[in-house]
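Trainee: I would like to go through the terms used for this structure and see what stands behind each of them. Where do we begin?

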Amino acid sequence: MNPNNYLVLAGILFTIGAFGVLVRRNAIIVFMSVELMLNAANLAFVAASHITGTLDGQAAAFFVMVVAAAEVVVGLAIIVVIFRTRRSASIDEASLLKY
Amino acid sequence: MTGEAIVFWITAILSVFGAVGMVISRKAVHSALWVAFTMINLAILYFSLGGAFLGTTQIVVYTGAVMMLFLFVLMIVGVDSSDSLIETIKGQRIVGTILALAFGALLTSAITSTGFKTATGLSEVNGAEGGNIQALAQLIFGRYLLAFEVTSALLITAALGAMVLAHNERWAPRKTQAQLQRERTLGGHPTPLPSPGVMALNNSVDTPALLPDGSISQESLPRIFQSTGQPDHDSNNEVTS
């Protein structure tokens, strides 16, 4: 099988994640879309590792996972804090600095 | 068709299906479950690509820890936090769709024109060290040792940051028993609140109690149902005589 298929799948998943970030208004769903984009990048790393026959891609994917876990913890804490003060998880509501 | 191709096509279709479901489902809980589904499919792909360690980590870290953290936060933030359908920026939905389609087309055409025709495969590298985990450990604790150590600082910072952000300072002093009792007896409702489902057709917790005149008693419901409007008051309480 042509190994490009893996990279194309990663590209499609990344695009769907970017679409979610652009279109959805709920902060948690936007955050999930970011997670999906990170997963797509991981798939590209693992596929590249498979194509080149070296394990460096898998090591990179491992580090991406660690960074993603740290990012999720802090991001969700920020969402919880914003929800506590504004009683809303919509990204449109947090426009206090605008006015 | 090789086994690898069969695994790829099944998991590819299912993972794209899950990703689309995540974007289009109205409720955030459904989105979380769709993402977990996509991540499990990606884990299967990692296994078929010779990354047994990464596949296992994907299931444990992403579907096990990250998505469950998402679900916990959804419980805090409220399951009712579905999207508002009002566009604050005019035409954002259409422009976003067009941009996403263009970006996807650009990525796909760029990838297909690069032309990796054959894959070397990892069986040789994995076999040299006696397995995928051993070979990956050689890399992480060898060439990437510095990055691995810096990662630990990142994780500690993230844990501390989450604790500082989510910490709830107590502004008012804790109420004493005497104060609580005074509030309860003088607060207008000395008896316990009516329990849900009294005199109604069924007694589940989301069914409000019926008052003697047949109207529903809002205070019999848990507060979460009042804010979400979850239970269908009318259908549960229609008395069929």
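Mentor: With burial: a residue is buried if 20 or more other C-beta atoms lie within 10 Å of its own, exposed if 12 or fewer, and partly exposed in between, the C-beta atoms being placed from the backbone. In chain A, 58% of the 99 residues are buried. This is a predicted model, in which local features need pLDDT of at least 70 and side-chain atom pairs count only at pLDDT 80 or more, while totals for chains, interfaces and linings use all residues. Residues are numbered from 1 along each chain as its sequence is written, and chains are lettered from A and ligands numbered from 1 in the order in which they are written.

Trainee: Why is B:G51 called buried?

Mentor: B:G51 has 29 other C-beta atoms within 10 Å, and the cut-off is 20 or more, so B:G51 counts as buried. B:G51 sits in the loop between α2 and α3 of chain B. Helices here are DSSP runs of H or I, at least four residues, and strands are runs of E, at least two, numbered from the N terminus.

Trainee: What does B:G51 touch, leaving out residues up to four places away in sequence?

Mentor: A:V46, A:Q58, B:Y46 and B:N132. Contact means that the C-beta atoms of two residues, placed from the backbone, lie within 7 Å.

Trainee: How many residues does each chain bring to the contact between A and B?

Mentor: Chain B brings 71 residues and chain A brings 62. On the chain B side, α3(B) gives the most, with 11 residues.

Trainee: What makes α2(A) roughly antiparallel to α3(A)?

Mentor: The axes of α2 (residues 27-52) and α3 (residues 56-86) of chain A cross at roughly 175 degrees and come within 8 Å. Angles under 35 degrees count as roughly parallel, over 145 as roughly antiparallel, 65 to 115 as roughly perpendicular and the rest as oblique. The crossing angle therefore makes the pair roughly antiparallel. Axes are lines fitted to C-alpha atoms, for helices over the stretch in contact, with angles from 0 to 180 degrees between N-to-C directions.

Trainee: How do you know that chain A is more spread out than a compact globule?

Mentor: Its radius of gyration, taken over C-alpha atoms, is set against the globule rule, 2.2 Å times the number of residues to the power 0.38. For 99 residues the rule gives 13 Å, and chain A has 17 Å, well over that, so chain A is more spread out. Chain A holds three helices and zero strands, and its C-alpha atoms fill a box of roughly 55 × 25 × 20 Å along the principal axes.
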